[in-house]
Amino acid sequence: MLQLDHITKTYTNVEVLHSLSLTVRSGEFISLLGASGCGKTTLLRIIAGLDSPTSGRVHIGGNDVTDWTPSRRNIAMVFQSYALYPHKTVRENIAFPLRMRAPWTARLPVWGRFTSEGKKLAALIREKVPAMAEALNLGGLLERKPSQLSGGQKQRVALARALVREPSLFLMDEPLSNLDAKLRTEMRREIIALHRSTGKTFVYVTHDQTEAMTMSDRIVLLNKGTIQQIGAPAELYGDPANLFAATFIGSPGISVFPCSVDGDGLCIGSFRMRNEAAWNLAGALGPGQYRLGIRPESCFLCPSGDLDAIPAAVRLVEHMGNERIAHLDIRMADGAVFPACVRVPNDFCIPEKHAWFRPSWRHAFFFDMAGNRIRPAATCRVIPLKKAAI
Amino acid sequence: MKMIGKQHSLPWIACPGFLFPAFAALILFFVLPALMTVAVSFTDWTLGKADFTWVGFDNYAYILTDPDFLKSLRNTVVLTVIVVPVSFALSLGLALAIRSLGGRWGELWQTIYFLPVTASLVAMSVVWQWVLHPEVGIVAWLLSFFGAAAKINWLNDRDIVLFTLAFIIIWQMTGYYMVIFLTGLLQIPAEMYEAAQIDGADCAWTRFRHITWPLLTPTSFFIFILTIIKTFQVFDIVKALTRGGPEKASEILLYTMYQEGFSFFRTNIAASIATLYLLVMLGLTLWQNYVLGRRVNYTL
């Protein structure tokens with residue numbers, strides 16, 4: 001459906017996108033996720049045709065559209081600021097894409113109304129615009145100007161304007177970031193419903209991982225103009241490709257510790273782990289320096305020491321209602337302090353000052369010092385096909 | 001409402017104290033003279049006369065039947081009808097061109113077109129006098145170079161002089177209106193154009209018709225009123241270049257007023273012209289305030 005082929009974008013000597021390649025399947029909801037400045041909006045604008053790539057090709061529906069104008073690409077886009085035409089009514093805003101795609105004779109100021117194309121256009125607008133408005137709960141607002149609408153309504157008009165014709169591709173540039181929290185959750189669900197009912201391909205840019213995680217079929221995680229990982233939300237969370245993906249996804253975030261393996265086993269910072277699981281991991285990893293990532297639900301608080309528990313100070317306990325989140329400080333022998341987060345069920349007790357932090361080794365992630373994921377053989381879940389066959 | 005904190009309360013004298021200088025100047029130099037002008041226009045008082053009598057609308061009846069005044073009024077209207085649409089279209093066109101050019105070249109052209117605005121018109125008049133001279137002027141030289149035999153007396157031909165003046169006025173003021181248009185254009189968000197492009201507005205004319213022109217309406221209306229007011233205010237080039245001549249062919253409202261008041265010392269006549277002039281200006285300003293005040297707020 002949409003294929004990006006080694007897209008590079010350079011703005012006055014600064015390369016903001018480094019040879020990005022990506023294939024989006026037809027009907028897929030894909031999110032471009034990343035912090036501001038990671039190049040996600042630039043990438044979206046290149047797909048839309050509002051910017052052209054410095055090198056690389058864009059294919060939509062099997063055509064190389066790199067040199068096509070935005071309108072010829074037949075895409076629809078929803079902007080962060082909605083970009084509604086302030087001087088047009090809601091009806092005219094939604095009708096505008098239909099009007100612009102009509103033959104020029106239909107668009108002549110007065111004469112156009114009497115041509116057959118003009119009548120066809122008027123009929124099309126009469127048919128499509130109220131139906132679209134109805135579908136998006138804008139029924140009574142058709143004669144209003146954008147300045148008389150609330151943020152959520154503006155957002156809906158922008159969606160209606162994008163949906164009214166049959167575009168091949170929907171692009172959305174942080175469409176929910178100007179809404180308040182409650183409305184955002186509602187609109188999120190509406191957009192998911194729209195995606196289901198239209199079956200179109202959506203490319204959604206966001207910096208909000210909750211939006212990306214809840215809405216997408218797949219997420220493209222970007223950092224500094226390169227793709228860090230492409231995968232389903234569960235994959236990004238449960239199987240991060242690198243330290244960036246692991247730390248970016250998840251709230252509260254993953255706890256990261258220095259970790260070393262030598263002949264005597266595995267150490268987290270200055271604490272040597274003495275249980276069997278850690279010993280096995282050390283064997284699988286091999287000697288060296290690593291970084292260990294542990295999600296808040298992949299660890300426990302123990303009231304007393306154990307073979308693989310680390311002493312920690314309880315800094316803060318956050319009550320979330322369904323659970324609590326304990327923020328710990330772990331002090332290594334050299335004085336460095338590493339923060340850690342633990343999800344604690346409501347019926348467990350949290351010691352007031354000192355607790356013991358114990359990782360669940362099965363769910364621990366290891367990274368090399370460059371941040372790449374290391375999959376120790378023992379915890380490797382995927383058995384290579386060839387070996388399985390034997 | 002209760003005042004919070006002491007720093008909010010000022011001594012009672014502060015507000016009137018701050019307002020007094022500005023108010024005093026405004027009343028002394030603007031409101032009082034204006035009222036006196038209006039009053040004088042209903043009397044037979046002329047400069048130096050010791051006493052006066054009220055004559056009602058006699059002065060107005062006089063000027064409105066005076067062929068010289070009517071000619072001056074007609075000239076002013078003709079000048080306005082030429083200058084307003086031409087400078088409007090030119091300044092908008094230049095602003096659009098400079099905006100689409102952008103960058104350093106855009107700035108360069110902007111400066112070039114703005115230069116005449118900064119020039120003193122009286123000084124420039126001398127230059128124009130030389131440029132338009134029928135014998136030694138550069139225009140005459142250019143015309144003869146291209147083979148035109150007739151010598152055109154740009155500033156002394158009854159049928160041409162108004163057009164010549166219109167040209168000079170346009171030359172001087174277009175850069176000014178252009179800069180105002182440029183600020184208006186800057187206020188249109190780039191996303192409007194991008195959205196229009198995606199919606200299918202491929203050709204520049206369509207984008208101008210559907211985005212630029214409607215979103216520029218407040219600026220355009222402002223410029224429209226401003227060009228009328230500025231053209232009505234034209235005085236210095238007429239004084240410096242033609243003195244209303246030849247045969248009052250370039251005599252315009254303000255020049256007539258000046259002549260009546262300071263050459264013929266018919267203060268009462270000058271005052272009634274000034275009052276009419278004031279009414280027109282006031283009407284235009286109120287209209288502009290009314291329209292711009294109740295227009296829809298186009299910014300998002």
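## Chatting through a predicted two-chain model

User: Hi! For chain A, what share of the contacts between residues at least 6 apart in sequence join residues at least 24 apart?

Analyst: In chain A, 66% of the contacts between residues at least 6 apart in sequence join residues at least 24 apart, where contact means heavy atoms within 4.5 Å. This is a predicted model, in which local features need pLDDT of at least 70, side-chain atom pairs count only at pLDDT 80 or more, and totals for chains, interfaces and linings use all residues. Residues are numbered from 1 along each chain as its sequence is written, chains are lettered from A and ligands numbered from 1 in the order in which they are written, and side-chain values use heavy atoms, with hydrogens and water left out.

User: Thanks. How many helices and strands does chain A have?

Analyst: Chain A has 11 helices and 21 strands. These are DSSP runs numbered from the N terminus: helices are H or I with at least four residues, strands are E with at least two. Along the principal axes, the C-alpha atoms of chain A fill a box of roughly 90 × 45 × 45 Å.

User: And how much of chain A is buried?

Analyst: Of the 390 residues in chain A, 50% are buried. Buried is under 20% relative accessible area, exposed is over 50%, and partly exposed is in between (1.4 Å probe, protein chains only).

User: Let's go to the cores. Which residues have the most contacts inside the largest nonpolar core?

Analyst: Those are A:L2, A:L171 and A:V203, in a core of 56 residues. Helix α7 of chain B (residues 161-186) gives the most to this core, with 7 residues. A nonpolar core here is a set of buried Ala, Val, Leu, Ile, Met, Phe, Trp, Tyr and Cys residues joined through side-chain atoms within 4.5 Å.

User: What does A:V203 touch?

Analyst: Leaving out residues up to four places away in sequence, A:V203 touches A:L2, A:I30, A:L32, A:L44, A:I47, A:L169, A:F170, A:L171 and A:M172. Another core, of 38 residues, lies apart from that one, with A:L84, A:A102, A:I125 and A:M215 among its residues.

User: A:L44 sits in α1(A), I think. Which residues of that helix are buried?

Analyst: They are A:K40, A:T42, A:L43, A:L44, A:R45, A:I46, A:I47 and A:A48. With 8 of its 9 residues buried, α1(A) is largely enclosed by the rest of the structure. A:G49 follows α1(A) and has a positive phi, near 95°.

User: Then there's A:S52. Where is it?

Analyst: A:S52 is in the loop between α1 (40-48) and β4 (55-60) of chain A. It is partly exposed, at 45% relative accessible area. Not counting residues up to four places away in sequence, A:S52 touches A:K9 and A:I46.

User: New topic: α5(A). How many of its residues are buried?

Analyst: 11 of the 13 residues of α5(A) are buried. The cover for those buried residues includes β6 (75-78), α3 (90-101), α4 (116-135), β7 (169-173) and α6 (181-198) of chain A, together with α8 (190-199) of chain B.

User: Last one, over in chain B. At what angle do α3(B) and α9(B) pack?

Analyst: Helix α3 (residues 67-101) and helix α9 (residues 204-215) of chain B pack at about 105°, with axes 14 Å apart. Axes are lines fitted to C-alpha atoms, for helices over the stretch in contact, and angles run from 0 to 180 degrees between N-to-C directions. That makes α3(B) roughly perpendicular to α9(B), a label for angles of 65 to 115 degrees (under 35 is roughly parallel, over 145 roughly antiparallel, the rest oblique).

User: Which residues make that contact?

Analyst: B:F88, B:L92 and B:L96 come from α3(B), and B:F208, B:T212 and B:W213 from α9(B).
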